[in-house]
Amino acid sequence: MTATLPESERQEARPSRPARTVRLGGDRMSFRVRPRMAAVYGSLLLATVAVFTTSLMVGDYRISLPDVLLALGGRGERLDVFFVQGVRLPRAWTAVLVGAGLGAAGAVFQSLSRNPLGSPDIIGFTGGAATGAVLTILVLGGGMLATSFGAVIGGVATAVLVYLLALKKGVQGYRLILVGIGINAMLMAARDYLLTRADLTEAMAAQVWMIGSLNGRDWGQVIAVAVGVAVLLPVVLALGPRLRLMEMGEDTAHALGVPTQATQVIALITASALTGVAIAVAGPVGFIALAAPQLARRLARADGTTLFGAALMGAFLLVIADLAAQRILAPTQLPVGVLTAIIGGGYLIWLLHREWRTGRA
């Protein structure tokens, strides 16, 4: 694995059309718009809304689109209102928010490591959050709120540990990934040991949580993840320009005035907390953080990190994966973590094969 983005990949990611500069307020405000990127982001948003709406309609109790719209406003049949507002809407919002958080966090880690394998699933931050949550469930006997805090603290603590162990004249991508893989293996061993020492009921509860599922999510969990994403996602998006400069190399970024080490620390802690917030309500759902940043960047043909695009792609992937998990073996519902793990395993094999063919693994 190397820590640089190869020239072939840069050529592949070049935008097909030049960006346009839009000026507002008599040149007091201006920003660049790339037509293809805007089209991709708009399509992702529309696709997410379409799948979101479909998830409110289908199920063992089917509801037509007009009745769904009535139920959203609190009108119509009482059973429709119950299923839409009390059951399906919280689950769909949880999928959108968790997917957006994991997608953006994955883009930060891949940018810092400058490697498509540098997702929180691979380098241990997801494992740290999961271990913190399992420790809270099995040792402290905590409820949902305590489990959420345990997941966030576990993810951030793992990020700090990996950063300190990988720190040597700055943090190189390959070193961050290798240290993270080692820490992840140790966390998995600690988690398995805790499960062997727990009684059967607690061990089963922890095991169910670790699969990753959105079944039975309520408005309290929606509010919890919404607050976390609303606080952390803007910080991550604000770091985007710095992260794109750092992808050109730390020396170049430093020469352009970017405080590289401070940016790395803030980005790692913020993205780890975002991962912890997402995992706290859904469990360790794999594949999203790994695939969303790459899919968004390739579709948009962007030449650097696309944090907003990764968040949109993550939301779309998780909401469609959850709908498939509900309906693919209906009436039996699969935990969404099972489906994303199956698809993610195939994606990881393809990614490793591609890296091997291009001489980067």
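Helices here are DSSP runs of H or I with at least four residues, strands are E runs of at least two, and both are numbered from the N terminus. Residues are counted from 1 along each chain as its sequence is written. Keep in mind that this is a predicted model, where local features need pLDDT of at least 70 and side-chain atom pairs count only at pLDDT 80 or more, while totals for chains, interfaces and linings use all residues.

Let's start with Val160, which sits in helix 6. Val160 is partly exposed, at 35% relative accessible area; that label covers values between buried (under 20%) and exposed (over 50%), with a 1.4 Å probe and protein chains only.

Thr270 counts as buried because its relative accessibility is 8%. Which residues does Thr270 touch, leaving aside those up to four places away in sequence? They are Leu232, Val235 and Val236, with contact meaning heavy atoms within 4.5 Å. Back along the chain, Ala159 is 111 residues from Thr270, yet their C-alpha atoms are separated by 9.7 Å. A polar atom of the Thr270 side chain also lies 2.6 Å from the backbone oxygen of Ile266.

Finally, the record. UniProt, in an unreviewed entry, lists several stretches as "transmembrane region", among them 92–110 and 219–239; such annotations may be inferred rather than shown by experiment. In the model, residues 92–110 are 100% helix and 0% strand, with end C-alpha atoms 27 Å apart. Residues 219–239 come out at 95% helix and 0% strand, and there the end C-alpha atoms are 30 Å apart.

Technical notes
Side-chain values use heavy atoms; hydrogens and water are left out. A polar contact is a pair of N or O atoms within 3.5 Å; within protein, one must be able to donate a hydrogen and the other to accept it, and residues adjacent in sequence count only if both atoms are side-chain atoms.
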